[in-house]
Amino acid sequence: MEIPQKAKEVQLFKHLDGAISPEYFSVVEVDVPEPGDGEVVVRTDFVFVAAAYQDLMRPDCPLPVPPYQVGGRIGGGEVGTVVASNSPALAVGDTVQTMGGWCEYSVGPAEQYYKVDASMFPSSSYFLSQGPTAYYGMADIARVGEGDVVFVSGAAGGVGSLAGQIAKNLGAAKVIGSAGSQEKIDFLVGELGYDAAFNYKDGPVIDQLRKHAPDGISVFFDNVGGEQFEAAIQVARPHARFALCGALSGQIGGSGGQPRLDLMTAICKHLELRPYATYHTPEQIWNWTSHFAQWLAEGRFVFPQTIVEGGIDAAPGALLDLLSGKYQGNIAVRIS
């Protein structure tokens, strides 16, 4: 195929210093360079949209990766097709995954691209999800197994919608989720197989959690922080394991990123509190992808994903919509 001389990408117009809005993004045309020795040209097919990208727009980003730079490309995961190659490692037509960001075409060393088997899933967009984070947190951090009673906060989001299903497939006896609307509650129980779910806005979280887990929880997978973290401490069984994945209630302007820890209760119950970050290493990606493909083939998993149309121009709006609570599950934008 003919490779264009110029293509679009999304850049950071200025660092985020308040509420996120369209003014922080620029969609610009840039040159598509010729590949050098050992390099490939990749046409982007889908880009991923995650709430964490908002944090990376801040100069004081709390995440363990460098923040976006003004005038630089933003975004993260993408999946695409090799359209030109000067490397024996990748051939034209190969499907690859990378962290190249929001762009129509990317050029770089072949080792920056992770070759994937497109036949594993119905669409290459299935490679773009919060799965590595959810699987690593449930399987390795929380060590979910037979008989566990699991509570997942922010259960309808990109991580939570996968984390609860992972827990069930690892043998959990009961999985409880929280979300912010009746529509999302119905989605969790009716489509994703959660055993119970509640709206955290309907009353004190501790009361609702005790109703659904009268004998306590043995695992807490936290995407939110705030009141839900505080309630989980009180409802936890002795020796419960906490996988602390995110703090959404702080990301959207509240103080949920700094919940109060009842330290004496945590000590007396011998609670295991493990904050963690996922670096999407090849091992982490494969651990998730292999289990995901198997569970899908066996009919034991539902992949909640929304594909946003409109090309690269639609990516900033998709992030704004995600942060406003419009979407459930994982979000990808179709580029080509």
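**Exercise 1.** List which residues of α5 meet which residues of α6, and then find how the two helices are turned to each other.

*Solution.* On the α5 side the residues in contact (heavy atoms within 4.5 Å) are Val205, Ile206, Leu209 and Arg210, and on the α6 side they are Glu227, Gln228, Ala231, Ala232, Gln234 and Val235. Sorted by class, the residues of this contact are 6 nonpolar, 2 polar and 2 charged (Ala, Val, Leu, Ile, Met, Phe, Trp, Tyr, Cys and Pro are nonpolar, Asp, Glu, Lys and Arg charged, the others, Gly among them, polar).

This is a predicted model, in which local features need pLDDT of at least 70 and side-chain atom pairs need 80 or more, while totals for chains, interfaces and linings use all residues. Residues are numbered from 1 along each chain as its sequence is written, and side-chain values use heavy atoms, without hydrogens and water.

Next, place the helices (DSSP runs of H or I, at least four residues): α5 covers residues 205-212 and α6 covers residues 226-235. Their axes (lines fitted to C-alpha atoms over the stretch in contact, with angles from 0 to 180 degrees between N-to-C directions) come within 9 Å and cross at roughly 45°. The two helices are therefore oblique to each other (under 35 degrees is roughly parallel, over 145 roughly antiparallel, 65 to 115 roughly perpendicular, the rest oblique).

**Exercise 2.** Find at what angle the axes of α2 and α9 cross, and which residues carry the contact of these helices.

*Solution.* Start with the positions, where helix α2 spans residues 131-141 and helix α9 spans residues 282-297. The axes of α2 and α9 cross at roughly 95° and come within 9 Å, and α2 and α9 are therefore roughly perpendicular to each other. Now look at the side of α2, where Gly131, Pro132, Tyr135 and Tyr136 take part, and then at α9, where their partners are Gln284, Ile285, Asn287, Trp288, His291 and Trp295. Sorting these residues of the contact gives 6 nonpolar, 4 polar and no charged.

**Exercise 3.** Turn to α2 and α3, and find which residues of the two helices meet and how their axes lie.

*Solution.* Helix α3 runs over residues 160-169, and its axis comes within 9 Å of that of α2, with a crossing of roughly 40°. From this angle it follows that α2 and α3 are oblique to each other. From α2 the contact takes Gly131, Ala134, Tyr135 and Met138, and from α3 it takes Leu162, Ala163, Ile166 and Ala167.
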